[in-house]
Amino acid sequence: MSITKKDTVFQEQILEGIPHKLPTKKAYPENVNRAPKRKDILSLDEKKLAVRNALRYFPEEWHTELAQEFRDELNDCGRIYMYRFKPDYEIYARPIDAYPAKIASASAIMLMIQNNLDPTVAQHPEELITYGGNGAVFQNWGQYLLTMQYLATMSEQQTLHMYSGHPMGLFPSSKDAPRVIITNGMMVPNYSQPDDLERFNALGVTQYGQMTAGSYMYIGPQGIVHGTTITLMNAFRKILKENENSKGKIFLTSGLGGMSGAQPKAGNIAGCITVCAEVNPKAAIKRHEQGWADILIDNMEELVKRVIESKDNNEVLSIAFIGNIVDVWESFYDENIFVHVGSDQTSLHNPWSGGYYPVDLSFEASNKLLKDDPQLFKEKVQESLRRQTNSINKHASRGTYFFDYGNAFLLEASRAGADIMDKNQIDFKYPSYVQDILGPMCFDYGFGPFRWVCTSGNSEDLDKTDEIALNVLRDIQATAPKEIELQMNDNIIWIRDARKNKLVVGSQARILYADAEGRVKIATAFNNAVKSGEISAPLVLGRDHHDVSGTDSPYRETSNIYDGSKFTADMAIHNVIGDSFRGATWVSIHNGGGVGWGEVINGGFGMLLDGTKESEQKLQNMLFYDVNNGIARRSWARNKEALYAVKREMDRSPSLKVTLPKIVNDDILDALYD
Ligand SMILES: NC(=O)c1ccc[n+]([C@@H]2O[C@H](COP(=O)([O-])OP(=O)(O)OC[C@H]3O[C@@H](n4cnc5c(N)ncnc54)[C@H](O)[C@@H]3O)[C@@H](O)[C@H]2O)c1
């Protein structure tokens, strides 16, 4: 690669870390999607502490000037982002050899960080938020600068420890240890209420890492397109008769943000009419311009007309509608438009800080109310959730299949007092997608969102990996048992068509649902291809945290665990520790993912495949555990698909010995408390 002046500036600035000379003050960025103002929750003493905390990144002689600026940021934004220190160089996933690091694994991690903060990828790049409204990579630009400097200078005998965006430092370790250990939002359990996040985040001592934001593993909306496609195809399979297909059938949902923006694309791949309501015009326009939604409509009359027309013509179409989802549910009911499948993907894991916009208030008016009167805003949100639920209930009584897509819709609607509980007052009226679809069909068999990134940045490398993965899956399919036939077929179609579906935004990355066997065999084939030069540079392997083993979340990933253990988090902790000594290049564990602070513990890993024998050993050792840990736990919870999968794995892998449950006859228990 020839080095340009721009590259040199980029490298020099990274090596400098916190600049030696105080950069000039920047005005607040305009014309970009900025994070909403966060709750003003700190007392005066705590505000002083927040400024004191922020200043510890900088030399004393700058303190007087920066103290005032940070006070103003805290006042205006509810957080101290240190905008002045945002570097001027472009932030995007440059190829692996563009970084000034000493070791390839550190360069790969820098590449992944750059991708998470790329303005074409990230939701609020100025505030270091990748997705989900508050999914942060770092709390402030000071942390970013220091972390990049540490990565650039570290050796293979050191590990960088990250505390919620703050680089605590490099500690001596060994070549086999992970290069980075990340924790985000880990709290002493009693301090995990939503306001605790607001307080401790404002103080600068914790952050909301979401899932792949704070672990440097986000690959744009592609990651979610695949999961949403699988979910949607199976939702339609549940309601359609054998001779029917999804053409001309309606999928109604909301949200065109970081993750939710994938829904129209997934709808197109699943072959239905998708109507996706979004209150923020900027988000809707962005998704339309990116080609993720076919058409953009901003008034209800036109929407109703177009939907009826598409239905009559049996079309496959995705519509980004600028407006509130509650209005759409209500209007479609009044207009007698039958919704086949319904869901919601507003950011209800973050309901009081702009994750959900109440009906009957414009986007601007909502933002103003949120700032001026957060309590009234909260009441409006809850009222809106009750209205939305009422309308969904009416549609459901006509036959709509509604499912919760892991955004805490059912949970927050229930907390708002909406009519959402089942007759037994324990369960919700509607299933979560994990209970009905993804749990029994994918996670219990070990299928989950495996992914990889080509560090060369070349699309040819990505094409090559698609081809390799397709061949591996076809080989496995030839002898696969009927229990996983459907999953194998869906994934073969996905990877076969991945290039055609133009899924790449940001780094050259691919996602593919695969089980342990698939992941290990694909990764081994990739490592061989890197070694032979067929693929021109190392690959990064990883996965979404939303997977078989990495996440304990009673209203999402582990919602189909019925032995009472869904409220425990042992699995996620074992996973991150287990992965860390089996070969991961970096590992992460977070409080707060898709369903909210205190509602989930989720973890993930990254692994560099550089074509060496060590890489091969590490991938085989770690990927096997990374999947089978969760299958074992799911089988212990008596999930029959997981029992099948773990027994099959023990037959193939003699050193795996898992404790299996004895199943009790119902009659014995029924007689017990008669
Ligand atoms: N099931 C999964 O696999 C999965 C994956 C990712 C995210 N999620 C969850 O889905 C939610 C959305 O994630 P995201 O990254 O897209 O968040 P986001 O904040 O980027 O997007 C949500 C969008 O919803 C819009 N919105 C809010 N209230 C609305 C309303 N009443 N009507 C219409 N639009 C409204 C917002 O303007 C925003 O653009 C989060 O809670 C996230 O945790 C689930």
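Is Asn314 buried, exposed or partly exposed? Asn314 is partly exposed, with a relative accessible area of 45%; buried means under 20% relative accessible area, exposed over 50%, and partly exposed in between, with a 1.4 Å probe and protein chains only.

This is a predicted model, in which local features need pLDDT of at least 70 and side-chain atom pairs count only at pLDDT 80 or more, while totals for chains, interfaces and linings use all residues. Residues are numbered from 1 along each chain as its sequence is written, and side-chain values use heavy atoms, with hydrogens and water left out.

1. Positive phi at Asn314. The phi of Asn314 is near 55 degrees, a positive value in a residue other than glycine. Asn314 sits in the loop between helix H10 (300-312) and strand E9 (317-322). Helices (H or I, at least four residues) and strands (E, at least two) are DSSP runs, numbered from the N terminus. As background, most residues other than glycine have a negative phi, and most peptide bonds are trans.

2. Positive phi at Leu128. Leu128 is not a glycine either, yet has a positive phi of about 60 degrees. The loop between H4 and strand E1 (129-131) holds this residue. Leu128 is buried, with a relative accessible area of 0%.

3. Ser260 places a polar side-chain atom 2.6 Å from an oxygen atom of the ligand. For His349, a polar side-chain atom lies 2.7 Å from a ligand oxygen atom. Gly594 uses its backbone: an N or O atom there lies 2.7 Å from an oxygen atom of the ligand. Taken alone, the ligand exposes 850 Å², and the protein buries 97% of that. Such accessible areas come from the Shrake-Rupley method with a 1.4 Å probe; for residues, only the protein chains shown count as cover.

4. Aromatic pairs. The whole structure contains 26 aromatic pairs. Rings of Phe, Tyr and Trp (its six-membered ring) pair if their centres lie within 6.5 Å; planes under 30 degrees apart count as stacked, over 60 as edge-to-face and the rest as tilted. The rings of Trp62 and Phe85 have centres 6.2 Å apart and planes at 25 degrees, so this pair is stacked. Trp62 lies in the loop between helix H2 (44-55) and helix H3 (63-77), and Phe85 in the loop between H3 and helix H4 (104-117), so the pair ties together parts that are 23 residues apart in sequence. Trp62 and Phe85 are both buried. One aromatic cluster is formed by Tyr57, Phe58, Trp62, Phe70 and Phe85.

5. Charges over rings. A charge sits over a ring if NZ of Lys or CZ of Arg is within 6 Å of the ring centre and within 35 degrees of the ring normal. Lys265 lies over the face of Trp292, at 5.0 Å from the ring centre. Arg582 lies over the face of Tyr625, at 4.0 Å from the ring centre. Arg582 belongs to helix H20 (residues 570-582) and is partly exposed, with a relative accessible area of 22%. The C-alpha atoms of Arg582 and Leu619 are separated by 8.3 Å, and the two residues are 37 apart along the chain.

6. Separations in sequence and space. Val658, in the loop between helix H22 (640-652) and helix H23 (666-672), is buried at 18% relative accessible area. Its C-alpha atom is 7.7 Å from that of Val646, 12 residues apart along the chain. Arg94, in the loop between H3 and H4, is buried at 7%. Arg94 and Val381 are 287 residues apart in sequence and 41 Å apart in space, C-alpha to C-alpha.

Definitions and conventions
A polar contact is a pair of N or O atoms within 3.5 Å; within protein, one must be able to donate a hydrogen and the other to accept it, and residues adjacent in sequence count only if both atoms are side-chain atoms.
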